[in-house]
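Here's a quick tour for anyone meeting this structure for the first time. Have a look at the sequence and the model, then read on.

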Amino acid sequence: MNSARHTCLRLEVGESEQEKEVIFVKGSWFATHFELSITDGLRTWTCNALESEVSERAGLWDQAVSEYLETAERYLGFQQPGSIYRFVDAGDGHRRLSWTFEKQGTKLEWRWKCQPTSNNKQTTVEILDFLMDANIRLSEEVVRKTQSFERLKVEAEKCLAQSEKLKTERAEFESSVYGKFVAVLNSKKAKLRELRDRLEKHETATGMAPEEDDSTDETETCHEGSDGGDSEEEQSENFAGTSSSVFTSNLKGQKRKAGSG
């Protein structure tokens, strides 16, 4: 047995305000055919579209059966804006359900004939039962969704609190790490300044050494100059002494010569 999808539509039919009336259309949609149960609250009708009828209608519109059923379900599962729905007398208690739609710019109309049921009460009860069951399912779904939403809300609040906690811890961690880094950096800078000062002092001390050597050389040169001066004086004195000796020797020689003579 093929599984079916079920719909129930509160449908407003008629074009003018005087013609408008409300009907309920319950649809059961199978793979190759569909069934409709319709009530206006007092009377009921049914439409059993057989597989052969659906196939014939789909062929007239150049459609696949699945496409035809999908379009019919869309228009009888939800009232489509712009579509004109009618539920008019077709004689002998029958009614004709029709709706319009556009395809490739052309306005089309589909119509299906519905026959009156033998038991209005039973058909109405079936439609009301479906609506009640659908309402219960929707209510339960709303409750589940609400509970799920509340759980998600609680989880979201926990996640938000956790996120704020992690944000605070991260800020504290970064502050602590940055503080330690700054302290280390300042220590390194102080060490570098100390090394730079020591280097400058060393370079200054190294630069003064040649100047002291030059002054020493000059001093030595002066001393050598003094020594040289002393030598010349000594040489002069020696020369004077020698000259004096030579002069005395010559004088003595002359005296001897005089004595001899």
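Are Tyr-75 and Phe-101 buried or exposed? Both Tyr-75 and Phe-101 are buried, meaning under 20% relative accessible area with a 1.4 Å probe and protein chains only (over 50% is exposed, in between is partly exposed). Keep in mind that this is a predicted model, where local features need pLDDT of at least 70, side-chain atom pairs count only at pLDDT 80 or more, and totals for chains, interfaces and linings use all residues. Residues are numbered from 1 along each chain as its sequence is written, and side-chain values use heavy atoms, with hydrogens and water left out.

**Aromatic rings**
- The whole structure holds 8 aromatic pairs, that is, Phe, Tyr or Trp rings (for Trp, the six-membered one) with centres within 6.5 Å; planes under 30 degrees apart are stacked, over 60 edge-to-face and the rest tilted.
- Tyr-75 and Phe-101 have ring centres 5.7 Å apart and planes at 50°, so they make a tilted pair.
- That pair links distant parts of the chain, with Tyr-75 in helix H2 and Phe-101 in strand S6 (residues 94-103), 26 residues apart; helices (H or I, at least four residues) and strands (E, at least two) are DSSP runs numbered from the N terminus.
- Phe-101 also pairs with Trp-110, and this pair is edge-to-face because the planes sit at 75°, with centres 4.9 Å apart.
- Ring pairs join Trp-61, Tyr-68, Tyr-75, Trp-99, Phe-101 and Trp-110 into a cluster.

**Around Gln-63**
- Gln-63 sits in the loop between helix H1 (51-60) and H2.
- Gln-63 counts as buried because its relative accessibility is 12%.
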